[in-house]
Amino acid sequence: MTQQTSHTLFQDALTLMPGGVNSPVRAFKSVGGEPFFAQSAQGAYLTDVEGNRYIDYIGSWGPMIAGHAHPDVLAAVNATVQNGLSFGVPNALEVTMAQTITRLVPSCEMVRMVNSGTEATLSAIRLARGATGRNRIVKFEGCYHGHGDSFLVKAGSGMLTLGVPNSPGVPKTLADLTLTLTYNDFEAATALFADLGHDIAGVIVEPIVGNANCILPAEGYLQHLRDLCTQYGSVLIFDEVMTGFRVALGGAQQLYGITPDLTTFGKIIGGGMPVGAYGGRRDLMQQIAPSGPIYQAGTLSGNPVAMAAGLATLELIQAPGFYPQLHAQTDTLRRGLQAAADEAGIAFTTTGLCAMFGLYFCEGPINGYADAMRSDSSQFNRFFHGMLKRGVYFAPSAFEAAFLSSAHGDAEIELTLQAARETFAEMA
Ligand SMILES: *Cc1c(COP(=O)(O)O)cnc(C)c1O
């Protein structure tokens with residue numbers, strides 16, 4: 001397939017935007033080569049500016065769970081646009097959105113809409129700090145919570161040492177306040193709380209780690225974090241920007257039966273528009289301005305067009321059988337990929353839950369971040385490019401989760417498996 005137009009656009013983009021993109025992973029740096037430029041998207045497919053079609057397993061990094069350009073979502077957006085693009089005063093769709101979120105995710109007694117997942121997580125830790133009067137936060141190696149300063153921090157050497165910035169521009173004094181634990185390590189969490197628990201404002205965690213491929217929580221691990229937070233008066237924040245409405249209608253917290261104090265959302269709740277949200281316990285949320293003193297605001301927050309796209313998507317996912325169907329399709333795909341890799345004698349394993357899954361070029365099991373890092377990224381890169389040239393688009397990084405949408409039908413799964421059989425044979 002030719003990609004001359006994409007190539008030309010990318011050459012221009014490189015002179016105009018850092019790395020030619022508006023978000024780093026899009027630049028294909030870790031897999032090599034150049035990104036293609038999208039012209040349009042429909043259902044399970046992306047079409048590039050040359051007219052090449054790709055079966056898409058990213059879905060705009062999560063939002064497109066009902067498939068691209070779903071007619072109901074487009075109709076809701078079109079109808080809303082006729083009334084104006086933004087009002088700067090409250091609109092009824094914001095109330096409907098808040099009703100929908102609080103109904104689907106009962107731990108959220110109140111919510112605040114923002115414009116991205118990053119804004120949601122930043123606001124949630126400000127709230128945790130403001131409500132507890134403490135400064136330290138705890139996060140986990142391999143989790144991603146957007147690009148806020150407090151999250152761009154890695155563990156220092158030695159478990160209880162202070163965090164160090166992993167991006168220039170993050171003040172060391174702020175990084176000192178972020179403590180990083182190993183996900184699924186029970187004792188490390190216990191020990192950290194025993195030492196510093198009364199200084200810890202909150203713990204933020206992806207309940208299923210989707211930013212180190214796809215790592216599932218060990219049995220009882222999320223409950224352990226819940227118990228520690230309860231015991232020490234720290235705020236437990238589930239970052240469900242990715243898992244929310246993806247692994248179940250009520251998110252990972254519903255699947256695992258854990259009630260966090262705060263939850264952050266993004267991606268699916270915007271249906272493809274720039275949206276985030278955070279919500280949780282009423283007594284905490286009421287401390288947010290203007291009902292309380294903790295400041296957080298947004299010119300475009302609760303934007304009517306964004307609410308319409310999100311609400312239409314949340315409507316679609318409530319259809320009976322929506323998740324069982326997605327889950328079954330994803331299982332078929334994962335089993336097929338495993339069989340194809342086994343056939344070719346390639347070390348490979350998958351993890352996943354419902355419509356979210358991870359591909360690893362190593363033997364399983366994958367119990368934590370160290371296991372995820374065993375995946376052979378040069379093998380992944382060969383797989384990525386082999387699939388891409390056959391019209392199947394996985395994330396251009398070995399450590400990103402993949403997503404199915406309800407538009408991925410039997411035909412798309414079979415085409416994907418055919419491409420995988422050819423690619424694995426080529427790799428072997
Ligand atoms: C994508 C993501 C974010 C950041 O959301 P943006 O909308 O990109 O700012 C935060 N947390 C998790 C778990 C995510 O997957």
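The lining of the second largest cavity divides into six nonpolar, five polar and two charged residues. This cavity holds about 50 Å³ of space. The model is predicted. In total, the structure has three cavities of 30 Å³ or more.

**Second largest cavity**
- About 50 Å³ of space lies here, and 13 residues line the cavity.
- Closest to its centre are Asp56, Gly59, Met64, Ser405 and His408.

**Largest cavity**
- The largest cavity contains about 70 Å³ of space.
- Its lining includes Asn213, Phe357, Gly358, Leu359 and Phe380.
- Also in this lining are Phe394, Ala395, Ser397, Ala398, Glu400, Ala401 and Ala402.
- Strand S14, residues 356-360, gives the largest share of the lining, with three residues.
- By class, the lining has eight nonpolar residues, three polar and one charged.

**Around the ligand**
- The residues around the ligand include Ser116, Gly117, Thr118, Tyr144, His145 and Gly146.
- Glu206, Asn211, Asp239, Val241, Met242 and Lys267 are also among them.
- This shell has three nonpolar, six polar and three charged residues.

**Polar contacts and cover**
- Gly117 uses its backbone: an N or O atom there lies 2.8 Å from an oxygen atom of the ligand.
- Asn211 uses its side chain: an N or O atom there is 3.3 Å from an oxygen atom of the ligand.
- Asp239 has a polar side-chain atom 2.7 Å from a nitrogen atom of the ligand.
- On its own, the ligand has 380 Å² of accessible area, and the protein covers 83% of this.

Definitions and conventions: Residues are numbered from 1 along each chain as its sequence is written. This is a predicted model: local features need pLDDT of at least 70, side-chain atom pairs count only at pLDDT 80 or more; totals for chains, interfaces and linings use all residues. Side-chain values use heavy atoms; hydrogens and water are left out. On a 1 Å grid over the protein atoms alone, a cavity is a set of points where a 1.4 Å probe fits but cannot get out, and a pocket is an open set with protein on both sides within 12 Å along at least five of seven lines; lining residues have an atom within 4 Å of a point. Grid points are joined across faces, edges and corners, and a volume is the space filled by probe spheres set on the points. Helices (H or I, at least four residues) and strands (E, at least two) are DSSP runs, numbered from the N terminus. Ala, Val, Leu, Ile, Met, Phe, Trp, Tyr, Cys and Pro count as nonpolar, Asp, Glu, Lys and Arg as charged, and the others, Gly among them, as polar. A residue is near a molecule or strand if one of its heavy atoms lies within 4 Å of it. A polar contact is a pair of N or O atoms within 3.5 Å; within protein, one must be able to donate a hydrogen and the other to accept it, and residues adjacent in sequence count only if both atoms are side-chain atoms. Accessible areas come from the Shrake-Rupley method with a 1.4 Å probe; for residues, only the protein chains shown count as cover.
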